[in-house]
Amino acid sequence: MLTPKLLVVGELNVDLILNKIQSFPQVGKEMIADDMNMCLGSSAAIMAANSAAMGVDTAFCGVVGEDYFGDFILNELERKSVSFRHVTRLREHKTGCTMILNFGQDRANVTYQGAMNALTINNIPFGKPSPYQHLHVSSLFLQKGIQHDIEQIFRSAKAAGMTTSLDLQWDPTEQWAFDYARCLPYVDVFMPNESELLALTKTDSIESGIEKIRPYLNTLALKMGRNGSMGISGDQRVAVPAFEVEHFVDAIGAGDSFNAGFIQKYISGASLEDCLREGNLMGALNTTAAGGTGAFCNLNKISENIKDFWGIELSLS
Ligand SMILES: Nc1ncnc2c1ncn2[C@@H]1O[C@H](COP(=O)(O)OP(=O)(O)O)[C@@H](O)[C@H]1O
Ligand SMILES: [Mg+2]
């Protein structure tokens with residue numbers, strides 16, 4: 001059997017996480033954090049790493065600087081079996097970093113975008129035909145260098161024979177400069193969560209949000225947190241409930257793990273319902289360990305845990 005090939009285009013950054021802070025950080029004061037972790041951050045990288053852990057042959061396209069954080073990211077991608085042959089290193093840019101300050105259930109994040117703004121359409125390997133079967137793009141609003149070319153990126157991917165998916169993620173500027181009417185026709189699977197759909201369509205109900213994008217939509221995979229997910233494709237509409245999580249740790253990266261599960265099934269030709277179910281399963285698994293990749297060490301561990309938690313045999317075809 002030929003292995004499906006996934007190309008993930010997106011931002012790369014290091015997450016520097018300070019835990020067990022004595023009280024919530026205040027301007028002008030110094031606090032002590034009793035724990036610290038540095039790990040591979042970014043939605044796109046979590047999606048890529050977890051796809052590779054599920055056995056999907058995955059490559060990443062992004063930009064880092066020629067600095068220590070850049071070295072760290074490439075090592076982590078390699079360790080997680082994600083090919084970084086399309087990751088560009090630029091001396092004039094510093095690698096992006098997100099500083100995460102955790103205090104109880106509250107969290108403050110600050111992101112320095114750095115090199116992630118330097119990715120352009122010219123960095124993306126299309127080829128005709130493409131050596132990749134599927135293109136997934138994540139975090140559009142964190143990457144100024146591809147924002148204006150996003151329609152062309154999806155057009156080129158379709159012209160190269162790829163199937164495509166897009167997770168916009170939140171827009172920190174809240175301008176939502178994404179022309180869905182022009183772009184969505186070239187996106188096979190559009191993967192927002194509920195608040196992103198409302199903000200993008202400037203509506204206050206999910207139904208009106210769906211109505212706004214429906215004329216341009218191929219497939220919608222809407223992520224609804226503890227309520228699971230909903231899929232729409234033509235006249236078909238399927239809602240799949242979330243999996244119960246007994247030992248919830250955190251939901252960091254749940255949407256990215258959902259994307260990995262959904263796309264793994266999608267590229268193997270599964271039905272919309274099966275894609276949503278696998279997305280929910282990986283999203284739920286994600287919440288059982290710290291961060292976005294903690295529950296995705298390797299295929300054996302993933303299938304063991306899925307069997308233990310939900311009595312499900314992992315099927316990857
Ligand atoms: N508390 C939870 N319990 C079970 N499943 C969850 C939970 N949180 C998230 N998920 C699963 O992960 C998916 C993605 O999470 P969600 O929070 O909706 O996305 P995002 O991280 O993009 O905001 C959901 O559709 C759901 O299937
Ligand atoms: Mg998300």
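Me: How does the radius of gyration of the chain agree with that of a compact globule of 317 residues?

Reply: The general idea is to set the chain beside a rule for globules, in which the radius is 2.2 Å times the number of residues to the power 0.38. In this predicted model, the rule gives a value near 20 Å for 317 residues and the chain has 19 Å, so it agrees with a compact globule. Along its principal axes, the C-alpha trace spans about 55 × 45 × 45 Å, and the secondary structure comes to 10 helices and 13 strands.

Me: Which residues are the closest to ligand 1, and how many surround it?

Reply: A shell can be read first by its members and then by their class. Here 17 residues surround ligand 1, and the closest are Asn193, Gly225, Gly228, Gly255 and Asn280; by class, the shell has 8 nonpolar, 7 polar and 2 charged residues. Helix 8 (254–266) and helix 9 (272–286) each supply at least two residues of this shell.

Me: What lies 2.7 Å or 2.9 Å from an oxygen atom of ligand 1?

Reply: For a polar contact, one looks for a pair of N or O atoms within 3.5 Å. A backbone N or O atom of Gly225 lies 2.7 Å from a ligand oxygen, while polar side-chain atoms of Asn193 and of Asn280 are each 2.9 Å from an oxygen atom of ligand 1. The protein covers 86% of the 560 Å² of accessible area that ligand 1 has on its own.

Me: Which pocket is the space taken by ligand 1?

Reply: That space is the largest pocket.

Terms used. Residues numbered from 1 in each chain as written. Chains lettered and ligands numbered in written order. Predicted model: local features only at pLDDT ≥ 70, side-chain atom pairs only at ≥ 80, totals over all residues. Heavy atoms only, no water. Near = heavy atom within 4 Å. Polar contact = N/O pair within 3.5 Å; in protein donor to acceptor, adjacent residues only side chain to side chain. Areas by Shrake-Rupley, 256 points an atom, 1.4 Å probe, with all protein chains shown as cover. 1 Å grid on protein atoms, 1.4 Å probe; cavity = no way out; pocket = protein on both sides within 12 Å on 5 of 7 lines; lining within 4 Å. Sits in = over half its atoms within 2 Å of the grid points. Helix = DSSP H or I, 4+ residues; strand = E, 2+ residues; numbered from the N terminus. Nonpolar A, V, L, I, M, F, W, Y, C, P; charged D, E, K, R; others polar.
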